[in-house]
Amino acid sequence: MSDPSCLFCRIAAHDIPADIVHEDQRLVAFHDIRPQAPTHVLIIPRDHIATLNDLEPAHREVVGEMHLLARELARAEGLEEAGWRLVMNCGAAAGQTVFHIHLHLLGGRTLGWPPG
């Protein structure tokens, strides 16, 4: 189920243009419009899930698929050996600005710790 007012649902539906690097029946991945690293890809489920707080047991499979796709995309970007990071924010105080769960795949430069 999608939310017609959600930016990411609209990208997944091709109502808003994006630099899509992967899409299948359950997931869409596209380049972030404000990249924080040379590689910055967002991975989203097609189904609208607002935050990690809204996850249910039925979402286990799609969340796992999101992580496996991140691994595939990191390999395709040549990040496997140097390293890469996944970030998933939950709520405004954590930096979530679009309320549709998404993984940030970041790489291509040294990433500091702690983040934020």
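1. Let's start with His 104, which sits in strand β5. Keep in mind that this is a predicted model. His 104 has a relative accessible area of 12%, and since buried means under 20%, His 104 counts as buried.

2. What does the side chain of His 104 pair up with? Its partner is the side chain of His 40, in a polar contact of 2.8 Å. Beyond that, and skipping residues up to four places away in sequence, His 104 touches Asp 32, His 40, Val 41, Leu 42, Arg 85, Leu 86, Val 87 and Asn 89. Take Arg 85 from that list: 19 residues separate Arg 85 from His 104 in sequence, yet their C-alpha atoms are 7.8 Å apart in space.

3. As for where the lining comes from, two or more residues each are given by α1 (7-12), β2 (27-31), β3, β4 (84-87) and β5 (103-107). The top contributor is α1, with three residues. By type, the lining of the largest pocket splits into 15 nonpolar, 11 polar and four charged residues.

4. Thr 39 belongs to strand β3, which covers residues 39-45. Is Thr 39 buried or exposed? Its relative accessibility is 6%, so Thr 39 counts as buried. The side chain of Thr 39 makes a polar contact of 3.2 Å with the side chain of Glu 77. Leaving out neighbours within four places in sequence, the contacts of Thr 39 are Glu 77, Leu 79, Leu 105, Leu 106 and Gly 107.

5. Stepping back to the whole fold: there are two helices and five strands, running α-β-β-β-α-β-β from the N terminus. The radius of gyration is 14 Å, close to the 13 Å that the globule rule gives for 116 residues, so the protein is as compact as a globular protein of that length. Along the principal axes, the C-alpha atoms fill a box of roughly 35 × 30 × 25 Å.

6. Last, some overall numbers. Of the 116 residues, 35% count as buried. Among contacts with a separation of 6 or more, 54% come from residues 24 or more positions apart.

How values were computed. Residues are numbered from 1 along each chain as its sequence is written. This is a predicted model: local features need pLDDT of at least 70, side-chain atom pairs count only at pLDDT 80 or more; totals for chains, interfaces and linings use all residues. Side-chain values use heavy atoms; hydrogens and water are left out. Helices (H or I, at least four residues) and strands (E, at least two) are DSSP runs, numbered from the N terminus. Buried means under 20% relative accessible area, exposed over 50%, partly exposed in between (1.4 Å probe, protein chains only). A polar contact is a pair of N or O atoms within 3.5 Å; within protein, one must be able to donate a hydrogen and the other to accept it, and residues adjacent in sequence count only if both atoms are side-chain atoms. Contact means heavy atoms within 4.5 Å. Ala, Val, Leu, Ile, Met, Phe, Trp, Tyr, Cys and Pro count as nonpolar, Asp, Glu, Lys and Arg as charged, and the others, Gly among them, as polar. The radius of gyration is taken over C-alpha atoms; the globule rule is 2.2 Å times the number of residues to the power 0.38.
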